[in-house]
Amino acid sequence: FATRYSFKKVLLGVFLGSLMNHGLAALVGVYISEHIPLNMIKLVTAIAFIGFGIWALKIEEEEEASKGYNLGAVLTVAMAFFIGEIGDKTQLTVITLSSQSNYPLLVLVGTVFGMVATSAIGVFFAIKLGRKIPEATMKVIAATIFITFGLLGLREAVNAEYLTYDNTAIFLIGLTIIVGWRLRRLLELSSRQTAYKKVAVDLYLNTQRLQHSI
């Protein structure tokens, strides 16, 4: 997100997303922690991470970018952060601290600002890297991180009796096919846009030469 949106918008999105996420965690810790199966939350989160990884391989085409039907930078970051942090160690920490604290509101404030502070460091370095690394490469890196954490989460959340060789092989083959298809599409669109940019640059240079010759 930091390579696509401004520093302030990303941090505002992180703030809103962590506020919703940790606010929910604080409520769970105070009121209903005994009735929510955390293992199920981890399972859903792991699947969501893999979904984010596949989604990260999408690149906007010229016509898609002009439609303007997205949720907006701040809301997009907020929702992605909210979903991505569900069942994560930070949210589980908020649940634990809130259930043991006499001041859960202070726990919420501290954890939210802690997430914003750490995200600010990540956004700063992401912006620096984004200026030097091609968009397609950044998307592949992001997808790899998401899918890796998703797979690790699945291994932790799924019962051992279902982690058979056949089930694992079928799942990984299906995931490989989907990721391979999205990756191929990403590379095709990336190379197409690069070609468009090259033509535009050549046209501009030729125009400049013609003007100088006249």
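Setting aside neighbours within four places in sequence, Ser119 is in contact with Leu11, Val14 and Phe81. Contact here means heavy atoms within 4.5 Å. Ser119 sits in helix α6. Ser119 is buried, at 13% relative accessible area. Buried means under 20%, exposed means over 50%, and partly exposed is in between, using a 1.4 Å probe and protein chains only.

A word on the source. This is a predicted model: local features need pLDDT of at least 70, side-chain atom pairs count only at pLDDT 80 or more, and totals for chains, interfaces and linings use all residues. Residues are numbered from 1 along each chain as its sequence is written, and side-chain values use heavy atoms, with hydrogens and water left out.

Now the core. Which residues make up the largest nonpolar core? There are 9: Ala2, Val10, Leu11, Val14, Val77, Phe81, Met115, Val116 and Val123. Helices α1 (7-32), α4 (73-84) and α6 (104-130) each supply at least two residues of this core. A nonpolar core is a set of buried Ala, Val, Leu, Ile, Met, Phe, Trp, Tyr and Cys residues joined through side-chain atoms within 4.5 Å. Helices are DSSP runs of H or I, at least four residues long, numbered from the N terminus.

Take Val10 from that set. Neighbours within four places aside, Val10 is in contact with Phe1, Ala2, Tyr5, Val77 and Val123. There is also a second, separate core of 6 residues, including Ile50, Ile54, Leu154 and Leu175.

Helix α4 has 12 residues and reaches 16 Å from its first C-alpha to its last. That is close to the 16 Å expected at 1.5 Å a residue. The expected span is 1.5 Å times one less than the number of residues. The buried residues of α4 are Ala73, Thr76, Val77, Ala78, Ala80, Phe81, Phe82 and Gly84.

Helix α7 covers residues 135-157. It has 23 residues and reaches 33 Å, close to the 33 Å expected. Its buried residues include Met138, Lys139, Ile147 and Leu154. Leu154 also belongs to the second core.

On to aromatics. The structure holds 1 aromatic pair. Phe15 and Phe113 form that pair, and it is tilted: 6.2 Å centre to centre, with 55° between the planes. Rings of Phe, Tyr and Trp (its six-membered ring) pair if their centres lie within 6.5 Å; planes under 30 degrees apart count as stacked, over 60 as edge-to-face, and the rest as tilted. What does the pair tie together? Phe15 lies in helix α1 and Phe113 in helix α6, so the pair links parts 98 residues apart in sequence. Phe15 is partly exposed, at 28%. Phe113 is exposed, at 53%.

Now charge. How many salt bridges does a search of the whole structure find? It finds 1. Glu188 forms a salt bridge with Arg184, and the closest N and O atoms are 3.3 Å apart. The criterion is a side-chain nitrogen of Lys or Arg within 4 Å of a carboxyl oxygen of Asp or Glu. Both residues lie in helix α8 (residues 165-213), 4 residues apart, about one turn of the helix. An α-helix has 3.6 residues a turn, so residues three or four places apart point the same way. Glu188 is partly exposed, at 33%. Arg184 is exposed, at 59%.

Last, Thr93. Thr93 is in helix α5 (residues 89-100). Thr93 is partly exposed, at 40% relative accessibility. The C-alpha atoms of Thr93 and Ala25 are separated by 8.7 Å, with the two residues 68 apart along the chain.
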